[in-house]
Amino acid sequence: MKRVLITGGSRGLGLSLARSFGVREAKVVVVARDAKRLDAAVRGLRKEGLDVHGIAFDVGNKKDIHRIAAMAEELAGPIDTLVHNASTLGPLPMPELSSLSCEAFQAVLETNLLGPFRLTKALLGSMTLRPESSPSVVFVSSDAATSAYPGWGAYGVSKAAADHLMRSFAAEVPEVRFLSVDPGEMDTAMHRDAMPDADPATLARPDAVAEAIVAMVLPKAATGSRRVALGEA
Amino acid sequence: MSPATGPRAEGAKGPRILGVPGYEERAFEDFLHAGDLLVVNDAATLPASLFARFRGARLELRLVSPPEGHVARVVLFGGGDHHMRTEDRPAPPVLRPGDVLELRTSRARVTHVDPQFLRLLTVELDAPAVQVAYAEGHPVQYAYIERPLDLWDVQTPLAGRPWAVEAPSASYMTSVPALRRLRAKGVAIATLTHAAGLSSTGDARLDAALPLPERYELPQATVDAVQVARAQGRRIVALGTTVARALEGNALRGGGRLEAGRFETDLRLGAASPLRVVSAIYTGVHEEGVSHFGLLEAFRPAGDLRYAIEESERRGFLTHEFGDGWFVEAEARAALAA
């Protein structure tokens, strides 16, 4: 049985990932900042008969990291699959770098880069002690990690750096499999925030993308690899 | 000897470790050889100190053991804070079953008061107690530490389930890469989870009764690894006293045989204790007279330990949670081979 911790799990891709792991009989813990929305999401998944717990913390806050790691282990037992899905776009509408405050840039890095570094570090010792559980850490990446778009500077930098963080962990820690997955453009609240005029009919459904990601994570994808998950539009 | 006054600074070298006997300093990995089995404690450390109000007075509750659901066993401290030594703090009021303490995010209703130690209580919270601890608790603090300890300071590199109320500090001697290098040279590694308990309660009589019974979980894989190592006459090394207590406590209840599962142990190792499982131990440096010294007498005669203290002092070793360590090998005893 997998024991999965998903950050940013109260909506969008994170919620879909929780369901996709849950229906495969994983014990799932989802973390999100908004306690009310998280509670509603977890109640919905439990009604579907899934073993899901919610914990309301902020991945971007260093003080919350050991709370997240420990509560996840308390609720699900030793975590073997960690999915770094939570991320922030920064200020909306997304300003060009010349108009972005230093503090806003830093806040994007705290959530999208330092949070995943810290949470990986907090769980790594426990994961490396259990090689038989095939421990995996998955970073949800973005097309913006490899291509530069106006307005996406801070987010793109954070995702490119997170990809490289993943590769660096993979180079150092052979006991754990590290992957990063580009989910493509999805019909989510985050996508609407970034591109309000996009036609939802052209976007992938997060449920389909989540299925594609879980299918990659459960079998043996090579550590250090970066993949693209194509959900049907 | 002086205590280490805080967590090791970034980039600082790991704790120094003295071998006993042999009395030479080596790196953590250099005490182990191919074939050894190293058993580690993967407990994470809870924010086990919570502040509460009772009839206008500010009190501190310290978890004694990992809570079960809404129920927690706690030691009550009076006013003051961690800048005062626990034994110097004012005594807490005597509570009765039914009394209610106000925490920041919950209430704690007293359900039981220990008849022998009145500050040892069982309380029931409004929410799961681990959740309340992570919402508002702090790590247990020490008077000799200069700045308040953060949760980051009290996690060992192997922290997993939040069961310990104070850090299983011998694990500060190791790291993820150190364990990898050990595996590469043929050292087997196995885990257990032991709920390392409080080191100080502010009540000398209760302190003398420490450690209280502590929960541990022994996985089947570790039982199997120990059996194989024993059958082949290989060394079984405990990383910390918590690991030694769990393994020896388990062997004691099974008449020498280990059994996987979740148990409690009230075993207090001492000079008269036979060691059924553990052949060597990594442990922190402590002065003579504390219970820790007594525990190590299960491994070596007091004279060897006194010499180790002198030698540690001469080398400028630091004591306590964030201090230096010893690798103590059990003296071969004919009785044990039987």
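Is Tyr23(B) buried, partly exposed or exposed? Tyr23(B) is partly exposed, because 16 other C-beta atoms lie within 10 Å. On this scale, 20 or more other C-beta atoms within 10 Å make a residue buried, 12 or fewer make it exposed, and anything in between is partly exposed, with C-beta atoms placed from the backbone.

## About the model

This is a predicted model, in which local features need pLDDT of at least 70 and side-chain atom pairs count only at pLDDT 80 or more, while totals for chains, interfaces and linings use all residues. Residues are numbered from 1 along each chain as its sequence is written, and chains are lettered from A and ligands numbered from 1 in the order in which they are written.

## The fold of chain A

Chain A holds 7 helices and 7 strands, in the sequence order β-α-β-α-β-α-β-α-β-α-β-α-α-β. Both kinds of element are DSSP runs numbered from the N terminus: helices are H or I with at least four residues, strands are E with at least two. With a radius of gyration of 16 Å, close to the 17 Å that the globule rule gives for 233 residues, chain A is as compact as a globular protein of that length. The radius is taken over C-alpha atoms, and the rule is 2.2 Å times the number of residues to the power 0.38.

Along the principal axes, the C-alpha atoms of chain A fill a box of roughly 45 × 40 × 30 Å. Of the 233 residues in chain A, 54% are buried.

## Where the chains meet

Here, 13 residues of chain A are in contact with 16 residues of chain B, a contact being two C-beta atoms, placed from the backbone, within 7 Å. On the chain B side, α1 (129-136) and α2 (176-184) each supply at least two of the touching residues.

That side of chain B is made up of 11 nonpolar, 3 polar and 2 charged residues. Nonpolar covers Ala, Val, Leu, Ile, Met, Phe, Trp, Tyr, Cys and Pro; charged covers Asp, Glu, Lys and Arg; the others, Gly among them, are polar.

## Backbone details to look at

Most residues other than glycine have a negative phi, and most peptide bonds are trans. In chain B, the loop between β2 (17-20) and β3 (25-26) contains Pro21(B), and the bond from Val20(B) to Pro21(B) is cis, with omega near 0°. Tyr23(B) lies in the loop between β2 and β3 too, with a positive phi of about 55°.

In chain A, the bond from Leu92(A) to Pro93(A) is cis, with omega near -15°. Ser134(A), in the loop between α4 and β5 (136-140), has a positive phi of about 45°.
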